[in-house]
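Please open the model in your viewer and keep the sequence panel beside it, as this tour moves from the whole chain to two single residues.

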Amino acid sequence: GCLACSNSIEKSKLLPLAVEDFNAALVWKNFPVASGYVGGQDFEATSKRIRKVGSQLKILEVEPVDTHVAPDGQSAVCVVMFSWHTDRDLTVRKGIEEQLWKMVDGRWLIVEQRAPEKDEGEGLSPFIPVKPEPKEKKK
């Protein structure tokens, strides 16, 4: 049998566990656990943002909606739906985000939380970093 193939299947089985663990940590405000899953160059900034945003919210539910693992098994995109309210405003909001996960040294790490490419009008997750409005660039 193809060892590499079975290996990547094994690794993709670990993905839902990592996704569940990371998102559960956000619900429970267990930021050290959440930070343990953060990878990428902006590790520090991402961890800080997650802690800052997460500490202001009461997350009621996190629901993985969809997962696409890349053919090489080294990266994946998970679409996740959050329900939350803030301490000041008890209106329950819902929002969605794409979580980009990468396999790093045999572990799944989240490297980006971003708005989905096609907006279905669900609203966005509070964890997506707000980008400054792009200035018009002349090419």
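What share of the contacts in the chain with a separation of 6 or more comes from residues 24 or more positions apart? In this predicted model, such residues account for 50% of those contacts.

Begin with the whole chain coloured by secondary structure, where you will find three helices and four strands, which follow one another from the N terminus in the order α-α-α-β-β-β-β. Of the 139 residues, 35% count as buried.

Now select lysine 29, which you will reach in the loop between α1 (3–27) and α2 (31–35). Its backbone deserves a look, since most residues other than glycine have a negative phi. Lysine 29 is not a glycine, yet its phi is positive, near 55 degrees. Is lysine 29 buried or partly exposed? With a relative accessible area of 35%, lysine 29 is partly exposed.

Is aspartate 105 buried or exposed? Aspartate 105 has a relative accessible area of 79% and is therefore exposed, given that the cut-off for this class is over 50%.

Methods. Residues numbered from 1 in each chain as written. Predicted model: local features only at pLDDT ≥ 70, side-chain atom pairs only at ≥ 80, totals over all residues. Heavy atoms only, no water. Helix = DSSP H or I, 4+ residues; strand = E, 2+ residues; numbered from the N terminus. Buried < 20%, exposed > 50% of the residue type's maximum accessible area, 1.4 Å probe, protein only. Contact = heavy atoms within 4.5 Å.
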